[in-house]
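User: Could you walk me through this one? I have not looked at it before.

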Amino acid sequence: MSLETVVDQVKRYGCSLVEVTGGEPLAQPAAFELITRLCEERFEVLIETSGAIDITPVDARASIILDVKCPGSEMQDRMRWDNLHHLRQKDQVKFVIGDRRDYEWAVDVVTQYRLTETCPVLFSPVFGTGEHDGRDSLLRSLAEWLLQDRLPVRLQVQLHKFIWDPDTRGV
């Protein structure tokens with residue numbers, strides 16, 4: 001599918017906000033050009049990236065949602081830590097938390113990089129897994145930890161997994 005075909009399809013939706021996501025969008029050869037074209041067409045463009053690829057070539061008009069991989073993901077070794085130094089006020093950092101260890105690690109990263117002074121920070125529980133104490137889900141535990149620590153971050157859920165079957169693609 002050509003770049004122009006993609007841009008034309010996006011225009012037909014009649015929306016003003018476009019989020020480029022799915023796997024690692026910046027690994028796609030035409031991603032940077034697509035982002036620039038969407039910005040030129042005056043779309044508000046969000047890029048959800050794993051943080052494994054340099055974000056500096058992304059068109060400055062787009063907003064980055066940088067997913068910092070926690071230890072429970074077993075993917076934190078792929079992270080380009082330098083990306084955290086290139087975030088702006090309009091960007092966001094997201095941590096997907098699988099357990100208390102992930103939470104404490106994420107708090108350390110937020111503190112070390114002073115992320116809440118740079119941009120909004122989101123903490124999201126892994127869907128369908130995590131710590132259970134016999135009565136509380138990971139979502140509830142995460143909310144309680146955030147309240148207890150008075151951490152200035154937003155609690156976020158993967159809303160599409162509550163609306164549609166968690167395995168549904170393309171929503």
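Analyst: What follows goes over the salt bridges, a pocket and a surface patch. This is a predicted model, in which local features need pLDDT of at least 70, side-chain atom pairs count only at pLDDT 80 or more, and totals for chains, interfaces and linings use all residues. Residues are numbered from 1 along each chain as its sequence is written, and side-chain values use heavy atoms, with hydrogens and water left out.

User: OK, how many salt bridges are there?

Analyst: The count comes to 11 salt bridges, a salt bridge being a side-chain nitrogen of Lys or Arg within 4 Å of a carboxyl oxygen of Asp or Glu.

User: Which residue does lysine 94 pair with?

Analyst: Lysine 94 forms a salt bridge with glutamate 48, and their closest N and O atoms are 2.4 Å apart. Lysine 94 lies in strand E4 (residues 92-97) and glutamate 48 in strand E2 (residues 44-49), so the pair ties together parts that are 46 residues apart in sequence. Strands here are DSSP runs (E, at least two residues) and helices are too (H or I, at least four), numbered from the N terminus.

User: Are those two buried or exposed?

Analyst: Both lysine 94 and glutamate 48 are buried, where buried means under 20% relative accessible area, exposed over 50%, and partly exposed in between (1.4 Å probe, protein chains only).

User: And which residues are linked in a network?

Analyst: Salt bridges link Glu4, Lys11, Arg37, Glu40 and Glu41 in a network. Within helix H2, glutamate 40 and arginine 37 lie 3 residues apart, about one turn of the helix, and their side chains meet in a salt bridge at 3.7 Å, N to O. Glutamate 40 counts as partly exposed at 46% relative accessibility, whereas arginine 37 counts as buried at 15%.

User: Switching topic, what lines the second largest pocket?

Analyst: The lining of the second largest pocket has 18 residues, with Val6, Val10, Val18, Val20 and Leu34 nearest its centre. Helix H1 (3-12), strand E1 (17-20) and helix H2 (31-40) each supply at least two residues of that lining. On a 1 Å grid over the protein atoms alone, a pocket is an open set of points where a 1.4 Å probe fits, with protein on both sides within 12 Å along at least five of seven lines, and lining residues have an atom within 4 Å of a point.

User: Last one, where is leucine 139?

Analyst: Leucine 139 sits in helix H4 (residues 138-149), and with a relative accessible area of 30% leucine 139 is partly exposed.
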